[in-house]
Amino acid sequence: MERIGVHVQAMDPISAAGVIAELRPRPEVRLLREDEVARAEVAVVVVDTVDDSTIQLLRRLQRGGLLRTVLIASRIDNNDLVNAIEVGVLGLLRREEATPDRMVNVIQRAAAGDGTVPPDLLGRLLDQVGHLQRQVLSPRGLTFQGLANREVEVLRLVADGYSTGEIASRLCYSERTVKNVLHDITTRLQVRNRPHAVAYAMREGLI
């Protein structure tokens, strides 16, 4: 059995040490040090709450190439769930439910590209999604595959062959903003690169 490379990161060293101690004996995973993070297949992030600092950390990991993330939080409410999913988290666990077996299962599913959400939170998420589709999106002729206006603008310019610098100049954005927009699009649409994002958006009639 090939071991999954895992990098554990936490807001405080005690939380990180606790999760590392629980995962270290497991033959399914291989824990990686900070200087080995580039080889990680899954990032495990341990926090108390899903606040702005947590979201920034998750975005930073995504931009660094760690696209498969498991979030272990002491407290997760409905808004936390939505925010975490929006930044690409694949697996969510409450700290009290994060036994070694459960963590390994969620890590394995994340490594395979599958998502895991606590059943009670999944039910709430589905209720929220249904309400949002019925009350907000459908009356406006929109679906969950829709893109924000600036995302559409950026993708259209990519489709027209403009470089990052040229797009930034035309839209009066910084190059970093353009890169972040493209990263968010590729993460949310689960596409591999810019051409794939353009092809997907054109096929789905998004641009």
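Helix axes are lines fitted to C-alpha atoms over the stretch in contact, and angles between N-to-C directions run from 0 to 180 degrees. In this predicted model, α7 and helix α8 (residues 175–189) pack at an angle of about 105 degrees. Their axes lie 8 Å apart. Angles of 65 to 115 degrees count as roughly perpendicular, and α7 and α8 are therefore roughly perpendicular to each other. On the α7 side, the contact involves Thr164, Gly165, Ile167 and Ala168. These meet Glu175, Val178 and Lys179 of α8. By class, the contact of α7 with α8 holds three nonpolar, two polar and two charged residues.

Helix α7 (residues 164–171) also packs with helix α6 (residues 149–159). Here the angle is about 135 degrees, and the axes are 10 Å apart. The helices α6 and α7 are therefore oblique to each other. Their crossing is right-handed. Glu153, Val154, Leu157 and Val158 form the α6 side of the contact. Ile167, Arg170 and Leu171 form the α7 side. Five residues of the contact of α6 with α7 are nonpolar, two are charged and none is polar.

The strands form an open sheet of five. Their order is β2-β1-β3-β4-β5, and the pairing is parallel. Strands β2 (29–31) and β5 (89–94) stand at the edges. Each has a single partner strand, so one side of each is left without a neighbour in the sheet. From one strand to the next, the twist averages 30 degrees. Strand β4 (residues 69–73) runs parallel to β5, and five bridges join the two. Within this pairing, Thr69 has Val89 of β5 as its bridge partner.

Helices pack on this sheet. Helix α2 (residues 52–63) touches β1 (4–10), β3 (42–47), β4 and β5. The direction of α2 makes about 170 degrees with that of β3. Helix α4 (residues 100–111) lies across β1, β2, β3, β4 and β5. Relative to β5, α4 runs at about 170 degrees.

Helix α4 has a helix partner as well. The axes of α1 and α4 come within 9 Å and cross at roughly 85 degrees. The two helices, α1 and α4, are therefore roughly perpendicular to each other. From α1, the residues in contact are Val19, Glu22 and Leu23. They meet Pro100, Met103, Val104 and Ile107 of α4. The contact of α1 with α4 has six nonpolar residues, one charged residue and no polar ones.

Side chains of opposite charge can pair when their charged atoms come close. The count of salt bridges in the model is eight. One of them joins Arg95 to Glu22. The closest N and O atoms of this pair are 3.6 Å apart, under a cut-off of 4 Å. Arg95 lies in the loop between β5 and α4, and Glu22 in helix α1 (residues 13–23), so the pair ties together parts that are 73 residues apart in sequence.

Key
Residues numbered from 1 in each chain as written. Predicted model: local features only at pLDDT ≥ 70, side-chain atom pairs only at ≥ 80, totals over all residues. Heavy atoms only, no water. Pairing = 2+ DSSP bridges. Helix = DSSP H or I, 4+ residues; strand = E, 2+ residues; numbered from the N terminus. Contact = heavy atoms within 4.5 Å. Parallel < 35°, antiparallel > 145°, perpendicular 65-115°, else oblique. Left-handed = near helix turned anticlockwise from the far one by under 90°. Nonpolar A, V, L, I, M, F, W, Y, C, P; charged D, E, K, R; others polar. Salt bridge = Lys/Arg side-chain N within 4 Å of Asp/Glu carboxyl O.
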